[in-house]
Structures are given as C-alpha cells and as structure tokens.
Amino acid sequence: MNTPTSLIYDKSTPGRLGAHLEDLRYSEQDKQKWLPEFLRNASAPPLPEVTEGEVMRHYVDLSTKNFHIDKGFYPLGSCTMKYNPKRNDVAADNPSFGTAHPLAPESEVQGCLHLLWDLKAALMEISGFPAMTLQPVAGAHGELTGVLIMKAYHEHLGKPRKKILIPDSAHGTNPASVFIGGMVPVEVKSNAKGLMSAEAVREALDDDVAGIMLTNPNTLGHFESEIIEIADVIHKAGALLYMDGANLNAELGLVRPGAIGFDLLHINLHKTFSTPHGGGGPGAGALGVSAELEKFLPKPVLRHGMPSTGDSKSASESPSEFYLDWDRPLSIGRMHSFYGNFANAVRGYAYVRTLGAEGLRRVAENAIINANYLRVLLSDAYEIAYPGACQHEVVLSASRQKKNGVRAGDISKRLLDYGYHSPTTYFPLIVPEALMIEPTETESRETLEKFADALNKISKEIETDPEMVRSAPHNTPLRRLDETAAARNLDVAFLPEE
Ligand SMILES: *Cc1c(COP(=O)(O)O)cnc(C)c1O
C-alpha cells in the first residue's frame, strides 16, 4: 500500500547539511566588489536542510511512486509510450554533444551538423520527402510550421486562402495549430467506418480552403483507405495535403507518406524515434515538405558543401563542409532558437542507426501485431469502437459498462490499482466512452496478456461490484483528484510560507 509522500521541506532539520562547501575566506572588501549589497539577499534562501542520504531516499521514494515506462506498461494511446533504449541517452549524454555551445561557429560544430544532416537524410528516406527541417520542438510545433508554410504558399501564388479542413477524429492540437497560425479550422465528419471519404472532402472544398490536415493511420487506429483519391481531390482544388505524423510508427518501412500524395508531414521524433517524453517534453517535430514547398522552410537551412556567397555567418572565417544558409527570401522565418532540440535529434539518430531499415520495418509490423492481439483479447468484454483489423492502436468503447453506471474514466482509474498506466480516455471525441490503447512494439506477448486479463477482470468487477470500480483507485498515493481545480488553480510553488 502506497502512502502519501511528505515534502522534502517537512524533513528539514535546522543545521543539517548534505554538502560541505569550502570556506573561501574572501574579505568583506572582495565580497563588496564581486557581489554588491543590492544583489544580496537579506536572509538565507528557505531551502530544506537535510543530509545527502535523506535527499537520496526522498527522491528515490518519489521515483517509485511515479509511473514511468521503465516501471511498467504504459498503454497511453496516440502517445507511443514505447520503451526507449538507454543507449540513445548515452549517445545524447556524450560530452562532445553536451558541451557544444549553440553559438559556436559552424566550423567548430561540424560533427553536430553532420549528425543533423544524416538524421535528416534518414527521415527523408523513411518518409518520402525531398526536403525537411529539424527546427520545430514538438508535434504541435511542426503543425504550426506546416500551417505557416501552407499559408505562405497560397500568398506567394497571389491567392491567399484561410480555411484548413480537419476531420472530427483529429487530435486537439490540429485545430489549435491552425488557429494560432492565423487560419480557420473547418471540421469534416468521418464516415460510418471512422474514415475520411473523398466525397466528404470534395463537399467541404471551396476556393478558400488552403489544405487538409489528416492523421494516418487516424486516431482510431485505421489507415485512411481513400487517401489516394483524397490527394487527387485536394490537389485538383489547388489545396495542400498535410499529414499529422504522430502515428508514423505504424508505417515505418511500409508506407512513405511523401509517395502517396502528402505535401507536408511532421514526425514526432520523441514518439516514433524514441525519446522519453512522459513528463511532457522535450520533443522534436521534424517537418518534411515537397520540393515545391522547400523555399518556405524555416531558416536557417542546413547545407552541405562550400557556401557560395558570404551569407553563411562563418563563411568568412573558414569555409565549412556543413553550414547554415540564411539567404532564404521566401522563408516563413525562424521557428525556434539554434538547432531545435538537439539532444532529441541525437537520440533519434542513434535509434535509426541501431535498428537500420529492417529493424524499423519490424517496429511497425510488431506495433500492428501487438495492437491487433489486444483487440482480439479484449473484444469479448468491450465494444471495439470501429471493428476490423487496426493498425498500431485499438480504440475500445466502454458504453456497455456504462449501462452499469461505470464510465471509461473509472475503468482507467481502476487500472492504476492493477499497476498499469491508464489508456488515453475520452479521445477520440467521436467515440463514446473511449479507451484508446497503444501497446507499441516493445511489449512482450505475456505483458499484453496480463494487461488484457486486468481489463477483462475489471469488466467482471463492474457486473458484481460496480461501486468498487467507481471509487477507484484504491492503492495509489493519492486517490481521486479534483481535475478541474488541478487545471485551474495551479499550485507549483512548494516553498513554505514566510
Ligand atoms: C501527440 C500527438 C500530437 C501532438 O504532438 P506533440 O508532440 O505532443 O505536440 C498531434 N497529433 C496526434 C495524433 C498525436 O498523437
């Protein structure tokens, strides 16, 4: 049984020390010189006074109460919480990368630029796009970059357009990115199979539609089977086809989005290409574009060879093999400082090089097999939202369980008692009582079977003792939180009252 954890401040005892700092014995005069009076605090900062051992135990204890992928199965749909090999972290921790200064001249960070170049080449090969930027630092940031490029494309043609079509099954970041990019999101309804039909797209099109943003496979875990026709309809209307690539892990080595008609695609490196991201970051949202859109990419653009003009900042110092090209008159501008989240790029690079083409293809195949295995194991107890073989994730509906007064959110909380992270709950929005499960390729058959056992047991509990599920979780350090208050009244300052 887990007990709530006290704060480290509660463990503080005056005078106790975890570290012994040397007495530097500076004269009052020296101190005045280096740290004048007005920069000094009147009193010592209110830090906890604890020994090194107490600090260690406090944080190790916390780490075991917190759920993470290294502790257990994490079926959070759409987020691709796969196990991330530690060798990627070792590569990113390499001091040669870690100590490189982001303002160092290009001639001194040729190795870093080389890595970015090779990663970009690999991602372009995998996704089928002839150009790419690694600047965006999240999937949503890649979407925003894509929206700005779509806008710039139409403006450049002298025919600005305002609307971007978005399926009703889309992730919330899609309409948000469109809105922040100064465009107008327009919802398009999925058909009875949960898919986007070319017919629905055709009906939604007009002269003001700049493009459509599709997730493929979509958030229901299904491949958009009319995609070739949709691409045709969109392009005939002079609009662009954007792919939200958060689910690209289902397509590695199997489908190249750039080859089936997509004009833009973001790749969540932290999902598909393996960076721990359970705490909400950091991320990387590489954006691939067609040859026609290359000129709008954020600047600077990484190039290989000798700078032809003096536009590269370091060109005058020493001609570099890899350099940053700032001479981009049609660029949408800068989307992030320096090189984006470089450490994520290192992890992605290490991951691609470790697996190779064959290994990446197996990632997709096994992700699909695992999701379908769960689908079959769970389909007696739960309704499958849109039946039929799925891709890398399966969406259940707890509407049958709801008849006994237990909701999807209650089932998610009861799973915590069984030692699992909750699935994605109440998303996609078009599925009532949605439970969205993405096992990923890194889980064994035995793990999947145990997880399915737990969900199936919960379904039985709902028949015999619904109150027990409704009041879950019972074994976690904290029980039900006030989710509204948690979102509205943020209290992240744990410093004791003065
Ligand atoms: C995760 C996700 C996003 C947003 O990506 P972030 O990297 O979290 O910004 C967009 N669409 C889908 C389908 C996703 O799963």
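Predicted model: local features only at pLDDT ≥ 70, side-chain atom pairs only at ≥ 80, totals over all residues.
Figure 1. Side chains of opposite charge can pair when their charged atoms come close. By the rule applied here, the model contains 21 salt bridges.

**Figure 2. Salt bridge between Arg303 and Asp325.** The side chains of Arg303 and Asp325 form a salt bridge at 2.7 Å, N to O. This pair links distant parts of the chain, 22 residues apart: Arg303 is in strand E8 (residues 301–304), whereas Asp325 is in strand E9 (residues 322–325). Arg303 is partly exposed, with a relative accessibility of 26%. Asp325 is buried at 12%, a value under the 20% limit for that class.

Figure 3. Glu365 is partly exposed, its relative accessible area being 29%. Arg361 also counts as partly exposed, with a relative accessibility of 35%.

**Figure 4. Glu433 in a salt-bridge network and with a positive phi.** A network of salt bridges links Glu433 with Lys402 and Arg407. Glu433 is located in the loop between E12 and E13. Its relative accessibility is 6%, and Glu433 therefore counts as buried. In the backbone, Glu433 has a positive phi of about 50 degrees, although it is not a glycine. Most residues other than glycine have a negative phi, and most peptide bonds are trans.

**Figure 5. Positive phi at Tyr426.** Tyr426, which is not a glycine, has a positive phi of about 65 degrees. The residue lies in the loop between strand E12 (424–425) and E13. Glu433 is placed in the loop between E12 and E13 as well. With a relative accessibility of 35%, Tyr426 counts as partly exposed, whereas Glu433 is buried at 6%.

**Figure 6. Cis peptide bond from Lys299 to Pro300.** The peptide bond that runs from Lys299 to Pro300 is cis, and its omega is near 0 degrees. Pro300 is placed in the loop between strand E7 (285–289) and E8. Strand E8 (residues 301–304) also contains Arg303, the partner of Asp325 in strand E9.

**Figure 7. Cis peptide bond between Ala472 and Pro473.** Ala472 and Pro473 are joined by a cis peptide bond with an omega of about 5 degrees. Pro473 is found in the loop between helix H15 (466–470) and helix H16 (483–488).

Terms used: Residues numbered from 1 in each chain as written. Heavy atoms only, no water. Salt bridge = Lys/Arg side-chain N within 4 Å of Asp/Glu carboxyl O. Helix = DSSP H or I, 4+ residues; strand = E, 2+ residues; numbered from the N terminus. Buried < 20%, exposed > 50% of the residue type's maximum accessible area, 1.4 Å probe, protein only.
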